[in-house]
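Please open the model in your viewer and keep the sequence panel beside it.

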Amino acid sequence: MLPTPENILQARKAIEMTQEAAGQVLGKGNREWRRWESGDTAMTEQAFELFLLKTNQHPTLQLTERDARA
């Protein structure tokens, strides 16, 4: 299910991040992030999940550092 603009806004505000910083997490600019929050364009489920993972907000998963020797 696609995240709603409200889901996107709440995820960003939960970690007190600017739109510009949030966009940078996904390699996007603040213009694209504003479009997602306003509902002008839809953020994909995958992009939202990646944002949640990278900002440690995912409800069931978390990223861990891989051993560089592996």
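Contact here means heavy atoms within 4.5 Å, and helices (H or I, at least four residues) and strands (E, at least two) are DSSP runs numbered from the N terminus. The model is a predicted one, in which local features need pLDDT of at least 70 and side-chain atom pairs count only at pLDDT 80 or more, while totals for chains, interfaces and linings use all residues. Residues are numbered from 1 along each chain as its sequence is written, and side-chain values use heavy atoms, with hydrogens and water left out.

**The whole chain**

Begin with a cartoon of the protein, which shows four helices and zero strands, so that the order of elements from the N terminus reads α-α-α-α. Along the principal axes, the C-alpha atoms fill a box of roughly 45 × 25 × 20 Å. Among the contacts with a separation of 6 or more, 54% are between residues 24 or more positions apart.

The accessible surface of the protein is about 5,200 Å², and 47% of it belongs to carbon and sulfur atoms. Buried residues (under 20% relative accessible area, against over 50% for exposed and partly exposed in between, with a 1.4 Å probe and protein chains only) make up 27% of the 70 residues.

**Helix α4 and its cover**

Select α4, residues 45–54, where Ala47, Phe48, Phe51, Leu52 and Leu53 are buried. What lies over these buried residues of α4? The cover includes α1, α2 and α3. With Leu52 picked, and residues up to four places away in sequence not counted, you will find that Leu52 touches Ala11, Gln57 and His58.

**The nonpolar core**

A nonpolar core is a set of buried Ala, Val, Leu, Ile, Met, Phe, Trp, Tyr and Cys residues joined through side-chain atoms within 4.5 Å. To display the largest one, select the twelve residues Ile8, Ala11, Ala22, Val25, Leu26, Trp33, Trp36, Met43, Ala47, Phe48, Phe51 and Leu52. The elements that give two or more residues to this core are α1 (5–14), α2 (19–25), α3 and α4, and α4 gives the most, with four residues.

Rings of Phe, Tyr and Trp (its six-membered ring) pair if their centres lie within 6.5 Å, and planes under 30 degrees apart count as stacked, over 60 as edge-to-face and the rest as tilted. By this rule there are two aromatic pairs. Trp33 and Trp36 make an edge-to-face pair, with 5.5 Å from centre to centre and 75 degrees between the planes. Both of these residues lie in helix α3 (residues 30–38), three residues apart, about one turn of the helix. Trp33 is buried, with a relative accessible area of 0%, and Trp36 is also buried, with a value of 6%.

Why does the pair of Trp33 and Phe51 count as tilted? The ring centres of Trp33 and Phe51 are 4.9 Å apart and their planes stand at 50 degrees, so the pair is tilted. Because Trp33 lies in helix α3 and Phe51 in helix α4, this pair ties together parts that are 18 residues apart in sequence. Phe51 is itself buried, with a relative accessible area of 0%.

**Exposed stops outside the helices**

Move to the loop between α1 and α2, where Glu16 lies; phi of Glu16 is near 55 degrees, a positive value in a residue other than glycine, and Glu16 is exposed, with a relative accessible area of 75%. In the segment after α4, select Asn56, which has a positive phi of about 60 degrees although it is not a glycine, and which is exposed at 61% relative accessible area.

Finish with Leu63, also placed in the segment after α4, which is exposed, with a relative accessible area of 55%. Leu63 touches Leu53 and Lys54, residues up to four places away in sequence not being counted, while the C-alpha atoms of Leu63 and Leu50, 13 residues apart along the chain, are separated by 10.0 Å.

Conventions
Areas by Shrake-Rupley, 256 points an atom, 1.4 Å probe, with all protein chains shown as cover.
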